[in-house]
Amino acid sequence: MNVLFEEDGGFKAGAVMADNDSSLQIEMPSGKRSKIKAATVLLRFDKPAPAALLEQAAPLAEGIEADFLWECVSDGEFSFLDFARDYYGREPAPGEATAVLLALHAAPVYFHRKGKGRFRKAPADILAAALANLEKKRQQTLAIEGWIAELKDFRLPPEIAALSDALLYAPDRNRPETKAFEAACAATGLTAAQLLFRCGAVKSAYHLHYRRFLHEQFPKGVGFPVVESPAAPADLARADVRAFSIDDAHTTEIDDALSVVELPGVGTRIGIHIAAPGLAIEHGSPLDGIARARLSTVYMPGNKITMLPDAVVQNYTLAGGVDCPAVSLYLTVNEALEIVGHESRLEIVHIAANLRHHEIEPWFNEDTVDGPLPDRPFKDELLYLWHFANACEGRRGKPSAIQGVHDYNFAIVGDLADPEACTVEIVERKRGSPLDKLVAELMIVANSIWGGLLAEKNIACLYRAQTQGKARMTTSPLPHEGLGVPQYAWMTSPLRRYCDLINQWQLIACLRGEAPPFARKSAELFGAMRDFEQTYAAYGDFQRVMERYWCLRWLQQHGITEIDATVRREQLVKLDHLPLLLRVPSLPADLAPGQRVHLAVAEIDLLAPELSCRFVGLLGEQDLAEALEEEEQ
């Protein structure tokens, strides 16, 4: 005796070795013996042999049409064996009965299983819906195959083109378009960005990086809603000073200016004047909502996305020749360049001039400050502030800028609507110049004194602390060990950073004797601090990506095939005259930091953006201490 039985969702046949009512010992055609439950047996037969049964039944089942079976069978539950008798009009042979079983089992859309060998025909409406779904899937499969074929030929189907941003930045893997696109990427060996670029969906690598950033940080676009730009208070006192700012040529959000007034018999009064949008923008207003959402101005070579609308920036930037509202810190400085007193005021300050680095540094630099300076506007003030900055740096015991490190100014020539047609100029500028130190030291003084004032008055404030080498934001007035000050609050860039605007609101309330907008343990304040840190870091990462992209464009633009570099550590090097760090796997393993190397440019991938270089040889050694200082950049 042989049996057909069901096991693990499939049908098998074997010879009965022993029949024990509830179980059977069987031998499979392979010779393997096993024990099965009697309830799993669907059919008992003498002939054919177990191995031949399914071989005979399979081709017979393929010839049975499921829709015909569905028409033939009556409503209600039925056994496959009873239906086989009706189908053949006689007692079916074992192979024929098995063929009907296989046909029923292979058509779950038409027949629903109700137990071992038992079925029920699907209701007409359910069958119609299931068949429609199967047809939809069939058509979808055909569409996916067509899309894959087009993409492999680097032609872009309209359905894929409409989802290009989503495919790049947030693919929905349940969509057939995504399945086709990812299959095409696997078939071509290309990344999503590379494939879309080859198909023309990405106009340029620049747009790829920019669109990714907008998708992540500005999904609704970078435009501002229509809001009224509030005017400054009309009752502010007017300062009797001749103030000036110091910025690079591209700065439009001018947050800080300086002034110097002699005090006969006392010394000098130094004024640090900070733009005061906090005098007009109210906490909780629509403008506050805009600034709270953006949290900072986004910088990138050739472009920026401001935190505040242009009209607001223009109303409160410390523009030359304009009377501007400001929060001023006046330092009384004796002849030994020591701060013997300070006073803070809300006032109108006339900005006499906006000095620019490229105009001042040719005659005011580390080589000229110790000799006679040319007769230029503000030369006396600049020289005095330079000496004062050195005194402040000495008292702190920390440098305001890492010596030997360079800044890099990018100038993009052309219209960024067509970045491929643009050229890039990169100017290397040594950090720590007299102008750098002058501005940095005075801002450190202001941020430290104002942070201390709010701490003394027990008013909440966002501080920048550094302890045990780790810098972080906090609401506690902790020391900033890197700067050597007891507390440090960002307050000098309220047009560009939301945390500075918050602190300015708190400072204004303090100076007016009013209740501050944020209480000391305000959940809103903590939330703003957390969001600012995360967003500011993301903006910084994006700026570095764009600078890297333009560095690679610069290499292409100048046809650079070989370049010198300095080893930072292990396989990491910094390229000469560019803010570009990269790993060179072919670099010898025993090179020390500071070693100079010569590299060959192997490959530039603007879409990544990545640069591959190959080690060529060694150059003369560079001073190790200088290389280690550059590591801090």
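For these entries I take a helix to be a DSSP run of H or I with at least four residues, numbered from the N terminus. I also note at the outset that the model is predicted.

**Entry 1: the second largest pocket**

I looked up the second largest pocket and recorded a volume of about 260 Å³. Its lining comprises 14 residues, and I noted F218, K220, G221, A293 and R294 as the closest to its centre. By residue class, I recorded the lining as seven nonpolar, five polar and two charged.

**Entry 2: helix α4**

I next examined α4, which covers residues 94-105 and has twelve residues. From its first C-alpha to its last I recorded 16 Å, close to the 16 Å expected at 1.5 Å a residue. How many residues of α4 are buried? I counted ten of the twelve, so the helix is largely enclosed by the rest of the structure. The cut-off behind this reading is a relative accessible area under 20%. The buried residues are G95, E96, A97, T98, A99, V100, L101, L102, A103 and L104. I kept one general point beside this list: an α-helix has 3.6 residues a turn, so residues three or four places apart point the same way.

**Entry 3: a three-stranded sheet**

I turned to an open sheet of three strands and wrote down the order β6-β8-β7, with antiparallel pairing. Which strands stand at the edges? They are β6 (77-79) and β7 (111-115); each has a single partner strand, so one side of each is left without a neighbour in the sheet. From one strand to the next, the twist averages 40 degrees. I then checked how β6 is joined to β8 (residues 118-121) and found three bridges between these antiparallel strands. For S79, I noted R118 as the bridge partner in β8.

**Entry 4: P399**

Finally, I located P399 in the loop between α14 (379-396) and β17 (406-413). Is P399 buried or exposed? I recorded a relative accessibility of 52% for P399. Exposed means over 50%, so P399 counts as exposed. I also looked up P399 against A440: the two are 41 residues apart in sequence, and their C-alpha atoms are 10.0 Å apart in space.

Terms used:
Residues numbered from 1 in each chain as written. Predicted model: local features only at pLDDT ≥ 70, side-chain atom pairs only at ≥ 80, totals over all residues. Heavy atoms only, no water. 1 Å grid on protein atoms, 1.4 Å probe; cavity = no way out; pocket = protein on both sides within 12 Å on 5 of 7 lines; lining within 4 Å. Points joined across faces, edges and corners; volume = space filled by probe spheres on them. Nonpolar A, V, L, I, M, F, W, Y, C, P; charged D, E, K, R; others polar. Helix = DSSP H or I, 4+ residues; strand = E, 2+ residues; numbered from the N terminus. Expected span 1.5 Å × (residues − 1). Buried < 20%, exposed > 50% of the residue type's maximum accessible area, 1.4 Å probe, protein only. Pairing = 2+ DSSP bridges. Axes fitted to C-alpha atoms, helices over the stretch in contact; angles between N-to-C directions.
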